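Open the model in your viewer and keep the selection tool ready. This tour goes stop by stop, with something to select at each one.

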Amino acid sequence: MVISKLEMKFIGDERARCKVFKNRVEGVKKKCHRLSLLCGIDVFFLCSPLESEKKFSPHSWPPNKPEVLHILTKYSNQSNEEICKHPTTLSTNSSKESLRNLS
């Protein structure tokens with residue numbers, strides 16, 4: 001069976017978009033679990049739900065809230081100097097504030 005390459009563009013059909021979203025989110029969660037397990041690191045993933053499922057909570061990994069809070073607390077307790085040594089996409093104070101508000 002030949003698998004065709006998916007064209008990277010917005011999926012207009014809402015039903016198809018929901019299916020792709022669900023599969024992709026589950027795939028990212030699986031990758032987060034593997035990365036955490038293989039490398040022995042904390043991984044946090046947060047994804048807002050689709051517009052059609054706004055009544056649901058955001059998708060996140062790890063699945064249990066205490067682990068998420070532990071990771072958020074660990075990150076938010078780091079000094080700015082520690083954060084700058086290890087560049088991430090969350091290296092600003094505003095991002096740290098956002099994470100504190102999340103928890």
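This is a predicted model: local features need pLDDT of at least 70, side-chain atom pairs count only at pLDDT 80 or more; totals for chains, interfaces and linings use all residues.

**Stop 1: the whole chain**

Colour by secondary structure. The protein chain has four helices and two strands. Along the sequence they follow the pattern α-β-β-α-α-α. Now colour by accessibility. Of the 103 residues in the protein chain, 22% count as buried.

**Stop 2: helix α1**

Select residues 14-39, which form α1. This helix has 26 residues. From first C-alpha to last, α1 reaches 37 Å, close to the 38 Å expected at 1.5 Å a residue. Which residues of α1 are buried? They are F21, V25, K29, C32 and S36. Show their side chains and look at what they face. The buried residues of α1 pack against β1 and β2.

Go through three of these residues in turn.

- V25: setting aside neighbours within four places in sequence, V25 is in contact with F45, C47 and H59.
- K29: this lysine lies in α1 and has a relative accessible area of 17%. The cut-off for buried is under 20%, so K29 is buried. Beyond neighbours within four places in sequence, K29 is in contact with F45, H59, S60 and W61.
- S36: also found in α1, S36 counts as buried at 18% relative accessibility. Not counting residues up to four places away in sequence, S36 touches I41, V43 and W61.

**Stop 3: the nonpolar core**

Which residues make up the largest nonpolar core? Select F21, V25, C32, V43, F45, C47, L50 and W61, eight residues in total. Colour them by element of secondary structure. Helix α1 and strand β1 (45-47) each supply at least two residues of this core. The largest share, three residues, comes from α1.

**Stop 4**

Then select D42. Where does D42 sit? D42 is in the loop between α1 and β1. Its relative accessible area is 39%, so D42 is partly exposed.

Show the surroundings of D42. Leaving aside neighbours within four places in sequence, D42 is in contact with I71 and K74.

**Stop 5: across to P62**

P62 is in the loop between β2 (59-61) and α2. Is the bond from W61 to P62 cis or trans? The bond is cis, with omega near 10 degrees. W61 is one of the residues of the largest nonpolar core, and W61 is also among the contacts of K29 and of S36.

**Stop 6: helix α2**

Finish with residues 65-76, helix α2. The helix has twelve residues. Its first and last C-alpha atoms span 16 Å, close to the 16 Å expected at 1.5 Å a residue. Select the buried residues of α2: V68, I71, L72, Y75 and S76. Why do these residues line one face of the helix? Turn the view to look down the axis of α2. The buried residues fall within an arc of 125 degrees, so they line one face. One of them, I71, is also a contact of D42.

Terms used:
Residues are numbered from 1 along each chain as its sequence is written. Side-chain values use heavy atoms; hydrogens and water are left out. A nonpolar core is a set of buried Ala, Val, Leu, Ile, Met, Phe, Trp, Tyr and Cys residues joined through side-chain atoms within 4.5 Å. Buried means under 20% relative accessible area, exposed over 50%, partly exposed in between (1.4 Å probe, protein chains only). Contact means heavy atoms within 4.5 Å. The expected span of a helix is 1.5 Å times one less than its number of residues. The arc is that of the directions from the helix axis to the C-beta atoms.
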